[in-house]
Structures are given as structure tokens and as C-alpha cells.
Amino acid sequence: MTIKEIKRVEVMALIDTGKITGSQAAKMMGISLRQTRRIIKKYREGGAANLAHGNRGKPSPNRIDPALTSAIKQLLKEKYADYNTLHLTEVLEERHALRVSASSLTRIRRKAGYPTPRQKKRRKYYARRERKPMRGEMLQADGSIHDWLEGWGSKLTLIAYIDDATNKVYAAFREQEDAAGYLEVLQEICLAEGIPQSVYMDKRLSSRKKASLAEQLAGKEPKSQFERVLEELGVELILAHSPQAKGRIERLFETLQDRLVKALREANADSMEKANGVLKRFLHKYNKRFMVKAEQDRSAFVPWGEPRDTYNLFAFKYTRTVKNDNTISFDNHSLQLPPGRDRCSFAKAKVALHQHLDGGLTVHYKDVQIARFEHKLGVPLKIGKFTPARDYSHEEVHTKRKFHMGVNKQKSISNYSPEKGHPWKQNYGYRLNGTLIRQKEMVKSG
């Protein structure tokens with residue numbers, strides 16, 4: 001008998017002796033009072049043996065016919081030993097009119113000693129990764145597109161970094177998930193804390209352009225703009241191949257989508273500017289509540305140290321060839337370059353074009369800025385897109401050129417007259433039969 005049936009026999013014995021009631025017996029067995037009465041009746045009619053299951057010892061109605069099993073074993077032995085299980089079920093039904101399920105065929109093959117030739121791949125063993133011992137050793141980064149404003153504003157994306165050792169969160173709201181948002185938050189981290197050792201993020205976020213022919217021949221892999229900035233900062237980029245790999249920030253978004261949404265609702269936030277203001281106050285309390293102490297008190301953040309050109313460091317860089325009319329193109333806009341102080345024309349020259357986090361464009365030639373183009377106010381920054389504040393295709397080039405070349409300075413007019421002995425006042429005349437005849441002598445002889 002099973003343990004369940006033995007327990008029922010003991011309960012029935014208690015009922016027979018009058019120690020418990022039927023309701024108490026029902027609670028002890030976890031069944032209804034009606035079912036308990038049926039069991040009591042069986043017990044009193046046939047004793048403990050009558051409580052065994054009725055189908056015990058009987059063959060299953062769903063069992064496979066032994067003749068079918070024998071036929072399949074014979075076919076496996078003769079010609080189907082190397083067929084995979086699913087294929088064999090189809091072949092047996094089509095050619096031999098033998099219908100059997102794949103799971104049943106698997107059991108028959110194993111018992112017959114003919115396992116399927118296609119083995120299932122073993123599942124890889126995964127273990128929980130320990131936290132980094134020092135803060136700043138690794139930051140996990142990701143973006144969460146969510147209805148943060150609950151319909152009171154446009155859908156926003158929360159760009160967030162979380163320190164793997166301490167759970168400290170750095171974040172900002174953006175209109176979309178792009179590299180500009182990640183650079184903006186990373187710049188704040190670098191200026192406030194220092195440069196982290198590594199950043200752990202999704203593989204899709206480091207989208208790379210197609211390698212040019214020169215890069216292919218040189219064996220170089222193209223880098224995305226974000227990868228280039230990290231390389232210049234000396235930050236290692238670690239790419240995650242699944243969301244589970246960076247579970248710390250994934251769990252963070254689950255919490256923020258619950259708590260932060262309430263904070264935004266209570267503050268009546270209906271725009272990205274208001275949402276970022278609420279987020280700043282929220283993170284101060286959140287980090288104070290949920291930060292944990294790192295294993296080591298030391299910091300792995302590299303101090304910012306000497307002054308650096310953050311404006312050009314945290315920027316998207318492109319290369320352009322200047323046209324003959326001293327213009328370059330960006331996002332279908334023609335941008336006129338003014339003449340430089342040391343170079344009048346930049347035609348055919350290679351220049352570096354920097355798109356900054358404020359949307360503005362600067363043009364550099366040999367690490368020297370030669371032009372700047374302002375972005376239109378109120379228009380959000382989009383990578384590779386530019387909305388000029390005014391028409392930069394027809395600049396006052398001639399005025400600027402005169403200024404740079406110094407032509408606009410007034411010339412001092414003087415009535416200069418050379419002395420009498422100056423070569424300009426000498427009359428050399430001409431030679432006649434080898435004799436020099438001056439003009440004055442000709443006048444006198446005349």
C-alpha cells in the first residue's frame with residue numbers, strides 16, 4: 001500500500017474507535033466529507049485491503065500492443081537503427097502502417113538498445129556571478145522604454161547605469177534609446193565619480209558600421225561611436241549576449257517601473273524636463289535606501305585628473321572632404337567653411353566633423369577648430385542629424401576673408417618722392433657707336 005492509503009487506514013481505525021468524527025477525518029485526509037463517507041463505507045465492507053486503488057494490478061488501457069512493440073524492434077534491427085526518432089515515426093506510418101508516438105518510440109528504442117543517433121545538446125550550467133569587489137570596477141548599462149508618464153506625456157526612455165559593487169544608480173530620461181543618451185550619463189559619471197574600469201551592456205547597443213575596403217584589407221574591425229569614446233577613455237566594453245547576463249540592471253528596471261512611476265505621478269510630470277527633475281530627487285533617496293557596501297573600501301574609478309576637453313571627447317566624430325567651393329555636407333545640409341588664418345582655402349582637404357551633445361557641429365583641421373555651426377534651439381539631438389539654427393550655406397565669406405587677411409585695414413597714403421640720386425631719377429639714355437649718349441646731352445646739342 002502507498003503512504004496515502006496507510007494514512008487512510010489509520011484514520012479509519014480512529015473513526016471506528018470513536019476518537020474522531022467524520023468532519024475531523026475529512027480535514028486530516030484533506031478531502032471532502034462526502035468522499036470521507038465513501039471511504040468509511042469501503043473500509044467497513046472490506047477492511048484495509050478495500051482502500052487500495054481499483055486499477056492496481058490491472059493492465060493500462062493505453063498500453064502499446066506487445067505485437068506492435070515487437071514489430072518495431074525487428075524493423076530497428078533490420079534497417080532503421082540510424083533513423084532519428086521523429087523521422088522514424090513518419091516512416092513507420094507511411095511504409096508499414098504502424099502508428100506510434102515519438103515519446104513511446106523513444107522508450108522502445110532505449111529498451112531495444114537502439115537509441116536515437118541525434119543526441120540532445122546538454123544544457124550549460126550557469127552559476128550566479130559574484131559582485132565586483134570595488135566600486136567603479138564595472139557598470140551595467142541599459143535603457144528601458146516605458147510609459148513613464150502614464151499617458152500624460154510622450155513615451156520616454158530611461159538610460160541607466162548601475163554600479164555592480166554598490167548598486168548605485170545613475171540615470172537620465174531621453175526621448176529615445178541612443179548612444180547620445182549613454183554618452184550624456186557617462187559624462188556625468190566621469191565628472192562626478194571618475195572613469196570606470198568597464199561597462200557591461202547589450203551587444204545590440206554597440207551597433208557597428210560596415211567595414212570599409214581599407215579596413216578589411218588592414219584586418220581592422222570598425223568601431224561604433226560609443227566604442228570609440230570608451231576606447232579613448234580607457235574603458236573596457238563587455239558585451240552581454242542575453243538579458244539574464246546583466247540581471248542586476250534588469251531587476252532595477254522592474255523596481256523603477258513601479259516606484260518611479262508613482263513619484264512622477266505625484267509630481268504631475270508631463271514632460272521630459274520635469275521627469276528629469278523628479279528623477280534627480282528620486283535617485284538621491286533611492287541610492288540612500290538600496291545601496292550596499294562594497295567588499296573593499298577602495299575605489300576603482302580613475303580620477304579625472306588634469307583638465308580634459310570633455311566637449312570634444314564626448315562627441316560623435318566624422319570625416320569629410322571639403323569641396324572646391326569650401327563647403328562640406330552633413331545630413332543633407334551644405335555648410336560653408338570660412339577661410340582660416342593660415343590657410344585661405346580648404347578645398348580637397350580632409351577635415352574632422354564633431355557633433356556634440358548640445359547638437360552643435362564643429363569642424364577641425366589638424367586638431368584646430370576652423371568653424372562652428374549652431375543647432376536650432378528646442379530640437380532634440382539625434383545622431384547623424386542636424387537642424388541648423390540658420391542658413392550656413394551662404395556665409396559672408398569675403399568679409400571674413402578680408403578680416404583674416406588684414407585687407408580691411410586702412411592704407412596710409414604718403415606723397416613719397418625719391419632723392420635726386422635715386423635710380424628712379426637717373427636717365428641712362430642709349431649707346432651710339434659705342435658711346436653712351438644721355439638725354440640731357442641730346443637736349444644741349446640740340
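Two strands count as paired if DSSP finds at least two bridges between them. Helices (H or I, at least four residues) and strands (E, at least two) are DSSP runs, numbered from the N terminus. With that in hand, Ser 329 sits opposite Ser 334 in strand 8. Strand 7 (residues 327–330) and strand 8 (residues 333–336) run antiparallel to each other over 4 bridges. The two make a hairpin with 2 residues between them, and Asp 331 in the turn has a positive phi of about 55 degrees.

This is a predicted model, with local features needing pLDDT of at least 70 and side-chain atom pairs counting only at pLDDT 80 or more, while totals for chains, interfaces and linings use all residues. Residues are numbered from 1 along each chain as its sequence is written, and side-chain values use heavy atoms, with hydrogens and water left out.

Now for the overall numbers. The protein chain has 14 helices and 13 strands. Of its 446 residues, 36% are buried (under 20% relative accessible area; exposed is over 50% and partly exposed in between, with a 1.4 Å probe and protein chains only). The accessible surface comes to about 29,900 Å², and carbon and sulfur atoms own 50% of that (Shrake-Rupley method, 1.4 Å probe; for residues, only the protein chains shown count as cover). Among contacts in the protein chain with a separation of 6 or more, 61% link residues 24 or more positions apart (contact means heavy atoms within 4.5 Å).

Strand 4 (residues 198–202) pairs with strand 5 in the parallel sense over 5 bridges, and Ser 198 faces Glu 236 in strand 5.

Another open sheet has 4 strands in the order 6-9-10-11, with antiparallel pairing. Here strand 6 and strand 11 (368–373) take the edges, each with a single partner strand, so one side of each is left without a neighbour in the sheet. Neighbouring strands of this sheet are turned by 25 degrees against each other on average, direction ignored. Strand 10 (residues 361–365) and strand 11 pair in the antiparallel sense over 5 bridges, with Phe 373 in strand 11 as the bridge partner of Leu 361.

Leu 353 belongs to strand 9 (residues 350–356) and, at 0% relative accessibility, counts as buried. Its C-alpha atom is 4.7 Å from that of Val 363, 10 residues apart along the chain. Leaving aside residues up to four places away in sequence, Leu 353 touches several residues, including Phe 316, Tyr 318, Ile 328, Phe 330, Leu 361 and Val 363.

Aromatic pairs turn up 10 times in a search of the whole structure (rings of Phe, Tyr and Trp, its six-membered ring, pair if their centres lie within 6.5 Å; planes under 30 degrees apart count as stacked, over 60 as edge-to-face and the rest as tilted). Trp 304 and Phe 314 are stacked, 6.3 Å centre to centre with 20 degrees between the planes. Trp 304 lies in the loop between helix 11 and helix 12 (310–313) and Phe 314 in the loop between helix 12 and strand 6 (315–321), so the pair ties together parts that are 10 residues apart in sequence. Tyr 318 and Phe 330 form a tilted pair, 5.4 Å centre to centre with 55 degrees between the planes.

Conventions:
Axes are lines fitted to C-alpha atoms, for helices over the stretch in contact, and angles run from 0 to 180 degrees between N-to-C directions.
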